[in-house]
Amino acid sequence: MSKNWTRSLRDRLQQEIPMEHLLPDTLPKYVDSYVYLFGVLTLAAFVWIILSGTILAIFGPDWWHVSPVGHFFNSLHFWSIQSFFFFMILHLWAQFLMAAWRDGRHFTWIGGWLMFLVSILAGLTGYLSQNNFDAQWIAVQGKDAMNAAGIGGFFNLLNFGQMYSLHIFVLPLILILLLGGHLLLIRKHGVVEPLPPDPKSEVRQG
Amino acid sequence: MKQSNSATPDRQVYANSRFEQIPYDLVKEMTWAIVGMGALVLILAGVFSTPDVPMLTAKQVASQDPMVLVNTELSDLASTGEIAQYGPPYNHNNGSVQAIGGFAPQTWLGVTIPVNSAQDNVLNPLQRLAAINPAVSSTLSQWRTASGRTQQAWIQAVQQQLPKATIHNGRLILPQSGTNLGPVPAMVNDYLALANSGLLESAIDAHNGPAPELDRTRSLLLLQGKADHIYAGKLNMKGEQWGIIKETGNYPGAVWLWFYTLLYQIPPYSTAANADLLVVLTVLLVTAVLVFIPFIPGLRSIPRRLRVYRLIWRNYYREQEGQR
């Protein structure tokens, strides 16, 4: 009899991330610092980016230039993004200072960096989707770096349609997929353990 | 505390469960974080709003700095402008090709977005205008039937007079008229008329695709030089003033790109002709180091040496020391 793929997947998930680890109701006692909030605040800002961005997408790229309500949603989107990057960078620093890649957590670290890089692209394409002088200036100034790097021929900052569709669909989709993987990895491995109090006692790889 | 390899029997022991536990509610924390963040961004959006300075249009340039548009038109027509000389991905020249030795990724894919400044930005839009104004047709046919050498001579003759020329009622007034100027003065006036009508961008972009508003590559390239720089200078948006990726006004820009934009301000990048390529490669290298830091001996031990973790887990360490 051939192997049942569905049962294999279910067994694998149950083994790797059982529900009590995926949705924990206890945490190790050492999780006792405000730095642990940076990740969840980044995620919360991301939720507001998606919500405000969805409203802006529903009414189209011209709306916020002509409607006060639209302009408010644009402001909501902008400040959500500023908050998102602010807390994401704090989160990144905190994870660095805790050497949070230890004990098999390197893919959580690498995935976090991938999200940071995709977010930068999302931010850039967002600036370019604004249909105002910010977008125009960033496009003509930024094109030289893209061209010099050899990607300007297919990643054309001056092509509004391309930037807009990347911004409202492709990049958010990639971010959401990466985010899902990041959260699953965090829960699979659990919160990183404290470093030994005395660094000299630690000989294993960091 | 190391997790065991999959071959060992204690694989199922969850690393975290080896430590004393405290109650926690993931869903409640997430919910309150979303509520709190919502309050924060609502207040920020309500108090600070966002800037929205309209795009610079050819119509605006034609009325505020018409001579800039005339200069741009003539250099595009003569194929001596920055974009005409640019190189890949727009054409086969090499005016803006950046390389380190023989390493020039800009040339790898060749010309993928062909731009012919004279045709795309000047002649084709005028041809469209001719459909409305038949007088433009005869001007254009005089241009088209002339040799390349004659065309260049006409353009240069007009360019020589430009420092003393004026624009009056949307028309170019040259100090001297004459047959040595050919149809160029008329073409300049037609071009100014088209720009003043507000239709120039559409006349440029519509030639290249089904939906001109979706791909504005060519009309944006028309104004990318002096016109955009004058306007950006007025708004304090030039590189030496603030860095390029930001909003107009006193708004935070892409501060997360501080390292990228910083490099442009410091030597050797600030003075290099291939600054863009150098900056991009440097940023890629530094990023790769940071991404793969878990595998780089020495660098991965920096957090241990910095000892900031002592502060983050201070309660845990205090308790551990108390138990000893």
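Modeller: Two strands pair if DSSP finds at least two bridges between them. Strands (E, at least two residues) and helices (H or I, at least four residues) are DSSP runs, numbered from the N terminus. This is a predicted model, in which local features need pLDDT of at least 70 and side-chain atom pairs count only at pLDDT 80 or more, while totals for chains, interfaces and linings use all residues. Residues are numbered from 1 along each chain as its sequence is written, chains are lettered from A, and ligands are numbered from 1 in the order in which they are written.

Biologist: How many bridges join E1(A) to strand E1 of chain B?

Modeller: Strand E1(B) covers residues 21-23, and the two strands run antiparallel. In this pairing Pro28(A) stands opposite Gln21(B). The number of bridges between E1(A) and E1(B) is 3.

Biologist: Which element gives the most residues to the side of chain A that touches chain B?

Modeller: Two residues are in contact if their C-beta atoms, placed from the backbone, lie within 7 Å. On that basis 80 residues of chain A are in contact with 82 residues of chain B. The elements of chain A that give two or more residues include strand E1 (26-28), helix H6 (106-128) and helix H8 (160-189). With 14 residues, the element that gives the most is H5(A).

Biologist: How many residues of the side of chain A that touches chain B are charged?

Modeller: Ala, Val, Leu, Ile, Met, Phe, Trp, Tyr, Cys and Pro count as nonpolar, Asp, Glu, Lys and Arg as charged, and the others, Gly among them, as polar. On this side of chain A, 44 residues are nonpolar and 28 are polar. The charged residues number 8.

Biologist: How far apart are the centres of domain 1 and domain 2 of chain A?

Modeller: The bounds come from an automatic or database domain assignment, which gives domain 1 as 33-85 and domain 2 as 99-192. Their contact takes 6 residues from domain 1 and 6 residues from domain 2. Taken over C-alpha atoms, the separation of the centres is 16 Å.

Biologist: Which helix gives the largest share of the side of domain 1 of chain A that touches domain 2?

Modeller: The residues of this side divide into 4 nonpolar, 2 polar and no charged. The largest share is 3 residues, and these come from residues 37-59, which form helix H3 of chain A.

Biologist: What is the radius of gyration of chain B?

Modeller: The radius is taken over C-alpha atoms, and the globule rule is 2.2 Å times the number of residues to the power 0.38. A compact globule of 324 residues would come out near 20 Å. The C-alpha atoms of chain B fill a box of roughly 100 × 50 × 35 Å along the principal axes. For chain B the radius of gyration is 30 Å.

Biologist: Is Arg307(B) buried or exposed?

Modeller: A residue is buried if 20 or more other C-beta atoms, placed from the backbone, lie within 10 Å of its own, exposed if 12 or fewer, and partly exposed in between. Arg307(B) lies in the loop between helix H13 (302-306) and helix H14 (309-312) of chain B, and has a positive phi of about 60 degrees although it is not a glycine. Because Arg307(B) has 12 C-beta neighbours inside 10 Å, it counts as exposed.

Biologist: Where is Ser79(B)?

Modeller: Phi of Ser79(B) is near 55 degrees, a positive value in a residue other than glycine. Ser79(B) has 19 C-beta neighbours inside 10 Å, so it counts as partly exposed. Its place is in the loop between H3 and H4 of chain B.

Biologist: What is omega for the peptide bond from Pro88(B) to Pro89(B)?

Modeller: Pro89(B) is in the loop between helix H3 (66-77) and helix H4 (117-130) of chain B. The bond is cis, with omega near 5 degrees.
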